[in-house]
Amino acid sequence: VGEAGGVAAGEPVRADRLARAALEVENELRQAGYLDAEVTLRVEPLGPERPFERKAVFALDRGPLYRLAATDFEGLGATRPAWARRTAGLVEGDPLAPAELRAARRRLYGTGLFSVVGSGVRAVEEGGARVLFEVEEQPRYRFAYGLRWESEEGTSLVVDVLDRNFLGRGVDLGLRSLWSDEVQQLRLSGSIPGVLGPKSRLELFALAGDEEKLVDDGEALDQTRTVEGTVQLGWQLGRHTTGRIYGRYEDIKFTETFLVEDPFFGPLPPIKARVKRPFLGLQYIFDSRDDRTSPSHGLFASLDFSFADESLGGDFSYGRLFGQLHSFRPAGRLAGRRLTWAQSVRLGRADTFAGELPRKLLLRAGGEYSVRGYRRESLGPRVFSTDFVPSTQSNSLFVLNEELRFDLWDPVSVLLFFDAGNVWIDDADSEVDLFTSLGFGLRAATPFGLMRLDVAFPLARREGIESDVKVYCGLGNVF
């Protein structure tokens, strides 16, 4: 008892320290399963021959030892009780400890399926106890969509449908469809929690898509058909951090059709190629943003490294590193309204282990989510080879976004932005200047999501490629 309360013989008699020692002993007994334990403290004199010394007496009434007899749930709908019991992790027959109950509540809440998780203990005969968890389930189904319009590239639409509790076992099952004038994709995803412990999650993805675009100033048509599968294992490393390891396999078929006849040879036959690209990767994510849609403070950072080698059965050997940091911080007030300074920095590098990089693997910059005002993925020196003809040995990327956001009136805000960035192909191109742009934007929180309107003015406009102004419209912030 002395060690538990931090008191020892010879010390001055202090009522507060003795009372704390009694409470700690009582708590230890309850954590061991003696839920009714009580500890009473008495301070007694040692006798007339030792008038200035006292004896502390701790009287222990343990009461019965409670063991878990059963785990019950109230409020379950889609979730299966057997799966919820396994997730809670309480073992029948073990002493019932309050710390274990708190840990069980955290495990249940950590699944993301419940908005409320409470618990109570009901005693039964012969020292047994039943635990009752009272829960409220989150909505099982989630529907989301994204719509964007760009002044020179038209409209695109993304639709997401997600079942967050498939078969009542906490499995995510999702379907995503992307449609635009150039790209059509369909992706199926699944996520299984607790595969390698309560903080792990196994994620599976399958994707099929077609892309069709004019290149070389409309002289050729590129058509790409992609089928890919991904297996990814993630761990919750901390409150804000997540780690992932993944493997992906891509099967890509490419056709380039020439729309202009050669003056000497006439119509040219199409170029066809196929690439198989298996690769492995590691990813680290830190996210402390206060709101994912429109944050006012916090950080988001990620670092992703992937590599491929011919020994994995693919056609290329390379390493690719991509990192990004988004920062959001208060910047004071203007006319009583909140100012937020938002920053984004993205860096990337790709190098070959043998041979050269194909155009398909190059890091890209330019467009609505990169350097606004310039055509999507158009920055940097041009590579005139087809998507699957080796073209370079290295590729670097840098993109910087600065935004000053001002809450105009609820729910509307305005912003000023500055973007800069470029890509460099091979080290010889490292002297190429940055492409920059200025602009302003409007944000409005609506029942359909955060509406976005951006107007960008490219400061390094290329004749025949960019116009003097470019307008973007969509949902959500750029970063």
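Me: Let's start with Glu368 and Arg148: are they buried or exposed?
Reply: Glu368 and Arg148 are both buried. Keep in mind that this is a predicted model.

Me: What do the side chains of Glu368 and Arg148 do?
Reply: They meet in a salt bridge, with 2.4 Å from N to O. The pair ties together parts that are 220 residues apart in sequence, because Glu368 sits in the loop between strand E17 (357-358) and strand E18 (390-392), while Arg148 belongs to strand E6 (residues 141-150).

Me: Why would two side chains pair like that?
Reply: Side chains of opposite charge can pair when their charged atoms come close.

Me: And how many salt bridges does the structure hold?
Reply: There are 30 of them.

Me: What about Arg274 and Asp251?
Reply: Their side chains also form a salt bridge, at 2.5 Å from N to O. This pair links distant parts of the chain, 23 residues apart: Arg274 is in strand E13 (residues 271-287) and Asp251 is in strand E12 (residues 241-258).

Me: Is Asp251 buried or exposed?
Reply: Asp251 is buried, since its relative accessible area is 14% and the cut-off for buried is under 20%.

Me: What happens with Arg461 and Glu463?
Reply: Those two side chains meet in a salt bridge as well, at 3.4 Å from N to O. Glu463 has a relative accessible area of 68%, so it is exposed, while Arg461 is partly exposed at 34%.

Me: Which residues are linked in a network of salt bridges?
Reply: One such network links Arg372, Glu403, Arg405, Asp419, Arg443 and Asp454.

Me: New topic, strands! How do E15 and E16 pair?
Reply: Strand E15 (residues 317-334) and strand E16 (residues 337-354) are antiparallel, and 16 bridges join them. In this pairing, Phe328 stands opposite Ala342 in E16.

Me: What's in the turn between E15 and E16?
Reply: The two strands form a hairpin with two residues between them. Ala335 is in that turn, and has a positive phi of about 55°.

Me: Where else does E16 have bridges?
Reply: E16 is joined to strand E19 (residues 394-409) by 13 bridges, and these two run antiparallel. Arg349 stands opposite Ser396 in E19.

Me: Which way do side chains point in a regular strand?
Reply: They alternate between the two faces of the sheet.

Me: Now the open sheet: what is the order of its three strands?
Reply: The order is E3-E5-E4, and the pairing is mixed. Strand E3 (67-74) and strand E4 (114-123) are the edge strands, each pairing on one side only. On average, neighbouring strands of this sheet are turned by 20° against each other, ignoring direction.

Me: How many bridges join E3 to E5?
Reply: Seven, and E3 runs parallel to strand E5 (residues 128-137). Along this pairing, Phe73 stands opposite Phe133 in E5.

Me: Last one: which helix lies across E3, E4 and E5?
Reply: That's helix H4 (residues 98-110), running at about 150° to E4. Helix H3 (residues 81-88) lies across E3 and E5, at about 130° to E3.

Definitions and conventions. Residues numbered from 1 in each chain as written. Predicted model: local features only at pLDDT ≥ 70, side-chain atom pairs only at ≥ 80, totals over all residues. Heavy atoms only, no water. Salt bridge = Lys/Arg side-chain N within 4 Å of Asp/Glu carboxyl O. Helix = DSSP H or I, 4+ residues; strand = E, 2+ residues; numbered from the N terminus. Buried < 20%, exposed > 50% of the residue type's maximum accessible area, 1.4 Å probe, protein only. Pairing = 2+ DSSP bridges. Axes fitted to C-alpha atoms, helices over the stretch in contact; angles between N-to-C directions. Contact = heavy atoms within 4.5 Å.
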